[in-house]
Each structure stands twice: as structure tokens, then as C-alpha cells.
Amino acid sequence: MISFVDSASAPSMGQVVAAVSQGITAWAFYLAGPGAEHNWSPAQVAVLRQGGMTQGLPIYVPNLNLTTPPAVDAQVFVNAMDAAGVYGVGVLDTEASMRTIPFLHSYVDGFVAELRNLGVTPVVYGGGNYVPPGVSAWWIIKGAPPAGVAYQWGQSSVAGLSVDYDTAGPGFPMASLIAPIPPLPTEPTKEELMSVVVAPDGTR
């Protein structure tokens, strides 16, 4: 299980350190979404790293009427992730108010598909009560979440900052706050070298 928190407001360095001391290993935060109460800046995300966290969960809250094409929104989100130095996983936030929108499912499907096209693993916060098959869900439920699922189960504060408390089951994806290290080039094997045929004129 992974214990993490989410908050609208960005924490100070001291609040991040306090969270880490409590066994909280990740923080969820908002990036670039027009429906969010407060989107974090790259500098605010950097405070999580400086406070000792290596994992996080970026969240995109779309226009609450879902009036923008989902692929466009997904690209805006991934651009914001890149600018903030957040890698690998992104959350689409759906709200209860969206349940009456007739094209909610197609919007979510399109957003998820575009995240995958851009190399980002999708997670859906299920306020809209729809999570596509094969996508990790984040629900407002108390209890122990199953594998690949997260539950938002309570509210409290960390060093004076109001937060929601969350628990993720085994295998639930988390974004990295550390840039991935590119693989080192490998030396060709003996078999590969021997498979190169050189013609008399020097061509291969």
C-alpha cells in the first residue's frame, strides 16, 4: 500500500518534510486544468522534490462542461507535466456534476487514449462514475483498496495545511518526480558483429 495526500494548495518545504516524516510517500497536485481551483506552478512542484519526495500524482481538471476536445486537453496536460518535471502517469479528474453530460464517456475515452499515445499511463478520478476498462481508478471510498486502485478516504491537515488522505493498492501507478535515466548504449554481441558482411569494395 502507498499512503499519499492531495491538496488544492501547494505545501511549504516544512509541510512536505512533515508529511514524509508521517510515512506519506507521494503528493497529488493539479496542473494546467481550467476546472481546477488552483493549478500548481513548476516551482511549487519542485518543493515536493526538495522536501524528499520522489513520487507524485499530477491531476488535470478539464472545463466542467467538457467543451474542449479531449486530445487537446491531454496534450496541454502533458506539456504541463513536462514543464514541471513530472513523468509517466497522469490523472484525469471527473466530477459528479459531469455525470449528466451525454458525451462524458467519449471524452474520458479520448483523453485516456491520447495520454497513452503521448507515453503517459492514465488514471481516472471517478467522480463522474465512469472509468474505462483497463484504467486504474481513484475513488472516494473508505477501506483497503484492491490492486491497481486508490481510495480517497478522509480529510485532515499536515503541519497546518488541509489535505485529503489517500491509500493506493499494490500496482497503482505513480508519476516520478525524477527525470528518467536513458538506457546506456549496448555493445554489439559477437554474433551481431559476425553477421556483418563486408563486400570486396568495402560496403556492407
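**Exercise 1.** Find which strands each supply at least two residues of the lining of the largest pocket.

*Solution.* Start with the strands (DSSP runs of E, at least two residues, numbered from the N terminus). Strands E5 (121-126), E6 (136-139), E7 (150-158) and E8 (161-168) each supply at least two lining residues. The model is predicted; local features need pLDDT of at least 70, side-chain atom pairs count only at pLDDT 80 or more, and totals for chains, interfaces and linings use all residues. Residues are numbered from 1 along each chain as its sequence is written, and side-chain values use heavy atoms, without hydrogens and water.

**Exercise 2.** Describe the residues that line the largest pocket.

*Solution.* The lining has 27 residues. Nearest the pocket centre lie Tyr30, Glu95, Tyr125, Gln152 and Asp164. Then sort the lining by class: 12 nonpolar, nine polar and six charged. Asp, Glu, Lys and Arg count as charged; Ala, Val, Leu, Ile, Met, Phe, Trp, Tyr, Cys and Pro as nonpolar; the others, Gly among them, as polar.

**Exercise 3.** Characterise the aromatic pair of Trp153 and Tyr165.

*Solution.* Apply the pair rule (ring centres within 6.5 Å; planes under 30 degrees apart stacked, over 60 edge-to-face, the rest tilted; Trp by its six-membered ring). The count is eight aromatic pairs. Trp153 and Tyr165 form a tilted one, at 5.7 Å centre to centre and 40° between the planes. Trp153 lies in strand E7 and Tyr165 in strand E8, so the pair ties together parts 12 residues apart in sequence.

Technical notes
1 Å grid on protein atoms, 1.4 Å probe; cavity = no way out; pocket = protein on both sides within 12 Å on 5 of 7 lines; lining within 4 Å. Helix = DSSP H or I, 4+ residues; strand = E, 2+ residues; numbered from the N terminus.
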